[in-house]
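Subject: Structure for you to look at

Hello,

Here is the structure I promised you. Please open it and keep it beside this email while you read.

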Amino acid sequence: MTADLGSPTHPTASNVQEAKPLHVVVLAAGKGTRMRSARPKVLHKIAGRSLLGHVLHTVREAGAASLSVVIGPDMDDVRREALLHAPDAEIFEQPDQRGTGDAMKAAMPALERAAAAPGDVIMAFGDTPLLRAPSLGRLREGLAGGEAVAVMGFHAGDPTGYGRLLTDEAGHLSAIREHKDASDAERAITFCNGGVMGFDATALPALLRRIGNDNANGEYYLTDAVAIARADGRAVSAIACPEDELLGINTRVQLAEAEAVFQARARLAAMEGGVTMISPESVFLGADTRFGRDVIVEPNVFFGPGVSVGDDVHIRAHCHIEGASIGDGARIGPFARLRPGASLAAAVHIGNFVEVKNVAMAEGAKANHLAYLGDGEVGAKANVGAGTIFCNYDGFNKHRTVVEAGAFVGSNSALVAPVRIGAGAFVGSGSVISRDVEADALALERSPQEVKPGWAAKFRALMKRRKAG
């Protein structure tokens with residue numbers, strides 16, 4: 001039967017789902033040649049996370065107790081990506097690309113184990129990153145009344161090219177009709193096949209064995225399980241979900257479309273959670289960006305993976321932030337860059353054209369202008385002046401710079417690591433510091449200043465005579 005995502009089909013579905021284990025098979029064997037890329041399409045990213053990573057996170061959120069990923073031959077990079085996001089996933093290889101039914105058969109050992117006890121199996125695709133866990137829950141509800149198969153569909157604004165979901169008088173799914181095979185009346189149907197399917201785990205292995213390849217392409221289509229189940233007298237349901245959740249990525253254009261949908265969702269969630277965005281459309285979030293409350297984000301800010309932001313943080317315009325944690329009350333930017341390993345405690349100030357990489361800055365520390373801080377520590381309430389550089393790389397290895405609590409580093413200073421500036425010490429402006437400075441000391445490293453009165457006037461006169469000559 002068809003159902004809207006807003007209302008459950010079966011009143012006891014949630015109880016059934018809690019009692020029944022869920023196994024998920026994610027198909028990720030496609031090369032994605034239309035992407036015009038040497039990289040498998042499931043490894044392309046939106047919001048800093050691979051398409052496959054998005055799907056694996058979603059199925060985990062949906063409650064998958066066990067997980068299989070089907071890949072193609074020589075796809076070790078896809079294998080690694082799958083295990084990165086789901087270390088306990090079982091990886092199966094589909095030697096030949098002979099359809100979705102063939103791909104599911106590649107995971108047969110896992111499916112036969114799942115069939116040993118009542119449960120659900122969901123088949124999802126590794127290139128549908130916008131799919132959401134509640135929709136998978138609704139797909140399981142479509143199996144809660146004893147159905148053998150549940151199909152996820154959507155109501156298309158323009159159904160041209162999509163397979164149609166045909167239902168009988170009782171509202172059960174009777175067939176999936178490809179567009180090219182549909183009658184005029186069937187083409188008028190806007191309820192379309194989204195590809196994601198759910199199964200009664202105990203029935204699935206037998207259904208798969210009966211799927212044949214008697215078709216023009218010689219492939220095994222998982223959708224044939226609908227007709228097989230119907231012929232056995234088993235009910236088949238169709239569940240509706242939003243169209244954008246089923247967007248499959250086959251081209252760079254579709255990749256950009258998915259990015260836009262994801263960003264719109266993420267911005268909305270952030271603002272509903274207490275973040276002020278002055279120009280939401282110009283802010284780009286990572287898949288795992290986390291915000292506290294009362295955060296202000298000005299225009300043109302980019303968040304890469306691994307960013308957490310505390311309460312009452314103000315991020316000014318044109319900042320690039322990835323792999324960083326920002327404590328409560330911090331002030332960032334404008335035009336600041338926080339790179340992986342930047343760990344900023346409460347009330348830290350990072351100003352314009354300051355770059356921080358792999359540095360822990362304690363509470364109240366400041367670097368307000370034109371500085372590079374790489375590999376080290378800055379203590380509480382220390383001040384790093386404009387133009388300061390942590391010279392962390394000697395051409396072979398990285399070294400650490402430590403600026404202890406309350407220290408003051410004057411403008412245009414170079415701290416040559418490894419080096420430590422003691423608590424409360426001062427570094428005079430323009431110094432190159434290559435040795436440790438003890439607490440409360442003043443460190444200066446400058447050539448003596450020489451002044452020659454009248455020299456400039458004499459020089460100009462000399463140059464004028466030479467030019468005239």
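Cysteine 319 is buried, with a relative accessible area of 3%. Buried means under 20% relative accessible area, exposed means over 50%, and partly exposed is in between (1.4 Å probe, protein chains only). This is a predicted model, so local features need pLDDT of at least 70 and side-chain atom pairs count only at pLDDT 80 or more, while totals for chains, interfaces and linings use all residues. Residues are numbered from 1 along each chain as its sequence is written, and side-chain values use heavy atoms, with hydrogens and water left out.

Back to cysteine 319. It sits in the loop between β17 (314-315) and β18 (320-321). Helices (H or I, at least four residues) and strands (E, at least two) are DSSP runs, numbered from the N terminus. Which residues does cysteine 319 touch, not counting residues up to four places away in sequence? They are Asn300, Val301, Phe302, Ile332, Gly333, Pro334, Phe335 and Ala336. Contact means heavy atoms within 4.5 Å. Now look at glycine 142. Cysteine 319 and glycine 142 are 177 residues apart in sequence and 46 Å apart in space, C-alpha to C-alpha.

Glycine 333 and proline 334 are joined by a cis peptide bond, with omega about 5 degrees. Proline 334 lies in the loop between β20 (331-332) and β21 (337-338). Asparagine 300 has a positive phi of about 60 degrees, although it is not a glycine. Its place is the loop between β14 and β15 (302-303). Asparagine 300 is partly exposed, at 39% relative accessible area.

Why mention these? Most residues other than glycine have a negative phi, and most peptide bonds are trans. There is another case of each. The peptide bond from alanine 417 to proline 418 is cis, with omega near 0 degrees. Proline 418 is in the loop between β29 (414-416) and β30. Asparagine 358 has a positive phi near 55 degrees and is not a glycine. This asparagine is found in strand β23. At 33% relative accessibility, asparagine 358 is partly exposed.

Next, the cores. A nonpolar core is a set of buried Ala, Val, Leu, Ile, Met, Phe, Trp, Tyr and Cys residues joined through side-chain atoms within 4.5 Å. The largest has 59 residues. Those with the most contacts inside it are Phe303, Ile315, Ile326, Ile332, Leu338, Ile350 and Met361. At least two residues of this core come from each of α10 (252-272), β12 (275-277), β14 (295-297), β23 (349-361), β24 (366-378) and β30 (419-421). Apart from it lies another core, of 37 residues, including Leu56 and Leu139. Isoleucine 332 touches Cys319, Ile315, Ile326, Leu338 and Ile350, among others, not counting residues up to four places away in sequence.

Now the helices. Helix α2 (residues 51-61) and helix α3 (residues 76-85) pack at an angle of about 35 degrees, with their axes 9 Å apart. The contact is made by Leu52, Gly53, Leu56 and His57 of α2 and Val78, Glu81, Ala82 and His85 of α3. Axes are lines fitted to C-alpha atoms, for helices over the stretch in contact, and angles run from 0 to 180 degrees between N-to-C directions. Then find helix α6 (residues 133-141). Eight of its nine residues are buried, so α6 is largely enclosed by the rest of the structure. Among the buried ones are Leu136, Arg138 and Glu141.

On to disulfides. A disulfide is a pair of cysteine sulfur atoms within 2.5 Å. How many are there by this rule? The count is zero. The sulfur of cysteine 192 is 12 Å from the closest cysteine sulfur, in cysteine 241, and that is too far for a bond. Cysteine 192 is buried, at 0% relative accessible area.

Alanine 156 is in contact with Cys192, and also with Tyr162, Thr190 and Glu243, leaving aside neighbours within four places in sequence. Alanine 156 lies in the loop between β7 (149-155) and β8 (164-167). It is buried, with a relative accessible area of 6%.

Threonine 388 lies between β25 (383-384) and β26 (389-391). Is threonine 388 buried or exposed? At 0% relative accessibility, it counts as buried.

Best wishes
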